[in-house]
Amino acid sequence: MILFFSGIPGLFLVLAIFLQSGFGLSALQSGLVTTPFPVGVMLASTLTSRFGNAYLTLRIACGAALLTIGMIGLRVVINGVGTDLTPYLFTVPLIICGFGMGTAVMSLFQVTMSSVEAQDAGAGSGAMQAFQQVGAALGIAIAGQIFFSLLGEDEMQVGTEAASRFVHAASQATLYSMAVFAALALGLGVSAYRNRKPPQ
């Protein structure tokens with residue numbers, strides 16, 4: 001839970017600063033650029049709800065794999081940014097990331113709560129939310145540290161011409177999310193394979 005939820009919040013912090021301070025977008029424009037992510041979450045949540053309690057671990061692994069692919073795509077798009085930004089290029093990788101999140105998050109909650117007795121459901125839910133918040137704080141700290149250490153304090157000005165520094169810093173900050181989701185996809189994929197039911 002901690003690792004999974006550490007991969008997204010820091011990324012959106014970095015993207016917001018990258019888009020607004022690095023390339024002069026307004027807060028509204030920055031928000032619109034990242035809108036494909038929640039759209040992907042909504043679509044995936046709607047589709048995967050039909051599976052009920054089936055293939056939970058595999059669904060989390062598939063979601064983490066999609067998030068890894070989306071992060072790789074996002075890094076490619078960021079690295080391809082020159083002095084001018086083309087916002088629509090962020091659409092596909094962010095939709096993939098959102099689809100991965102929507103695929104995994106519902107299953108993750110189901111797996112977590114299935115290990116809690118009915119009378120402890122309230123405490124279990126509270127603990128789950130606490131670990132989710134810890135993960136978010138951890139991700140923001142790590143991604144933010146990578147981003148700001150590479151950017152440098154002197155570059156934090158709207159309209160600065162040092163676009164290449166923003167590109168480099170944002171690109172490197174995505175590596176944490178890529179590594180976390182790749183590790184989760186691999187580990188959970190192996191677990192799902194080992195625990196698969198033999199054919200009847």
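Author: Let's start with a term: a pocket is an open set of grid points with protein on both sides within 12 Å along at least five of seven lines. Keep in mind, too, that the model here is predicted.

Reader: Thanks! What volume does the largest pocket have?

Author: Its volume is about 150 Å³.

Reader: Which residues line the largest pocket?

Author: A lining residue has an atom within 4 Å of a pocket point. Here the lining is made up of Y55, L56, T57, L58, A192, N195 and R196. Helix α5, which covers residues 56-79, supplies the largest share, three residues.

Reader: How many of the lining residues are nonpolar, polar or charged?

Author: Sorted by class, four are nonpolar, two are polar and one is charged.

Reader: Let's step back to the whole chain. How many helices and strands does the secondary structure come to?

Author: There are eight helices and zero strands.

Reader: What does the C-alpha trace span along its principal axes?

Author: The span is about 60 × 35 × 30 Å.

Reader: And how do I read contacts between parts of the chain that are separated in sequence?

Author: Take the contacts with a separation of 6 or more: 79% of them are between residues 24 or more positions apart.

Reader: What share of the residues counts as buried?

Author: A residue is called buried when its relative accessible area is under 20%. In this chain, 42% of the 200 residues count as buried. As for the accessible surface, it comes to about 10300 Å², and 65% of that belongs to carbon and sulfur atoms.

Reader: Could you walk me through a single residue? Is L15 buried or exposed?

Author: L15 has a relative accessible area of 2%, so it is buried. You will find L15 in helix α2, residues 9-22. Leaving out residues up to four places away in sequence, L15 touches T34, L74, I78, F90 and L94. Between L15 and S30, 15 residues apart in sequence, the C-alpha to C-alpha distance is 8.2 Å.

Reader: Let me try another one. Why does Q132 count as buried?

Author: Its relative accessible area is 16%, and therefore Q132 is buried. Q132 belongs to helix α7, residues 121-151. With residues up to four places away in sequence not counted, Q132 touches M1, F5 and F109.

Notes:
Residues numbered from 1 in each chain as written. Predicted model: local features only at pLDDT ≥ 70, side-chain atom pairs only at ≥ 80, totals over all residues. Heavy atoms only, no water. 1 Å grid on protein atoms, 1.4 Å probe; cavity = no way out; pocket = protein on both sides within 12 Å on 5 of 7 lines; lining within 4 Å. Points joined across faces, edges and corners; volume = space filled by probe spheres on them. Helix = DSSP H or I, 4+ residues; strand = E, 2+ residues; numbered from the N terminus. Nonpolar A, V, L, I, M, F, W, Y, C, P; charged D, E, K, R; others polar. Buried < 20%, exposed > 50% of the residue type's maximum accessible area, 1.4 Å probe, protein only. Contact = heavy atoms within 4.5 Å. Areas by Shrake-Rupley, 256 points an atom, 1.4 Å probe, with all protein chains shown as cover.
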